[in-house]
Amino acid sequence: MNLDPTDRRLIAATQSGLPLTPFPYAEVASWLDLSEEEVLSRLAALRERGIIRRIALAPNHYALGISANGMSVWDVEDTEAIDLGQKVGALDFVTHCYLRPRALPDWPYNLFAMIHGADRGEVEAKRCAIADLLGPASHASDILYSTRILKKTGMRLAQAGD
Amino acid sequence: MSRTPLAQNELDVIDRTILNELQSNFPLTHQPFTEVGRDLGISEQELIDRIRRLRTIKAITRFGPFFDAEAMGGAFCLCAMEVPAERFEEVVTLVNAHPQVAHNYERSHRLNMWFVLACETPDGIRAAADDIEQETGLPVLRFPKLKEFFIGFRVNA
């Protein structure tokens, strides 16, 4: 992974968000003493490389009345896992969907899908919808609700110049 | 992050459309709000004002580029432990003492402790998980991400 110092400054400058002005990239450029063209081309290159996943807004689920969530886990056929993961990930109420290794014999599940809903009943109903979608390709499933936050710290991203 | 739900009438149809449409693909262009506003049928200034208000009322947590921390050189791993009830608080203290533990949740399962390790390198993950096993005498199951599927989250428009 190589980020040059200018990329790092650009990441540090935009990590907490884009300015809400008509020319946001020109504004970022002025902070960093770069041209707008350079900011645009560097951001495009970072997006091309997957370092920027998307430029977007993130809704606050809680404010939008979506206060219940459960981590649903599924044991799906390895050969179909990518295809099924894409389908589950595309559901409206699934925010995070990951393929992870099993830890046999303790843990047979390889597909993790975070389900959001207004309350636990809605989360359970949505879990049934995923079960229908997966059909016989899922051999077993479970759902884990968080009962307590034990620790929560912000993501620590590499600082400019590291 | 605010966990208080907004009043039902706080968001109109345009706000809801903005929330849905701007979860990906904000343009990398000279005047991006004009382009997006045109698609939504509103002016550049109205779009900017509405996003600012959505941020102020905490309907959104962030607006801008989302970076892949792994692509930027970090390593992450979801881990789980089965902690006996009578040792739970002691183990919470031991696990949380590691700065690599970014967040940690108690969950309703035999595997009742789930945390994310965030390190500079994959070796760091291995070392931190091994240390926690050593200190607690309990196995740390490791579930690194193999693939992520992201689409987003929709509000009723």
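The radius of gyration used here is taken over C-alpha atoms, and the value for a globule follows a rule of 2.2 Å times the number of residues to the power 0.38. With chain A of this predicted model selected, the radius of gyration is 20 Å, whereas a compact globule of 162 residues would have one near 15 Å.

Next, switch to a cartoon view, in which chain A shows five helices and five strands, and follow the sequence through the order α-α-α-β-β-α-β-β-α-β.

Now select residues 7-53 of chain A, where an unreviewed UniProt entry places the feature "domain: Siroheme decarboxylase NirL-like HTH"; this annotation may be inferred rather than shown by experiment.

Return to the whole of chain A and colour by burial, which marks 51% of the 162 residues as buried. Of the contacts in chain A with a separation of 6 or more, 63% are between residues 24 or more positions apart.

Finally, bring up the surface of chain A, which exposes about 7,400 Å², with 51% of that area supplied by carbon and sulfur atoms. Colouring by charge picks out 17 positive and 21 negative side chains in chain A, and the centres of these two sets lie 6 Å apart.

How values were computed. Residues numbered from 1 in each chain as written. Chains lettered and ligands numbered in written order. Predicted model: local features only at pLDDT ≥ 70, side-chain atom pairs only at ≥ 80, totals over all residues. Heavy atoms only, no water. Helix = DSSP H or I, 4+ residues; strand = E, 2+ residues; numbered from the N terminus. Buried < 20%, exposed > 50% of the residue type's maximum accessible area, 1.4 Å probe, protein only. Contact = heavy atoms within 4.5 Å. Areas by Shrake-Rupley, 256 points an atom, 1.4 Å probe, with all protein chains shown as cover. Lys, Arg positive; Asp, Glu negative; His and termini not counted. Charge placed at Lys NZ, Arg CZ, Asp CG, Glu CD.
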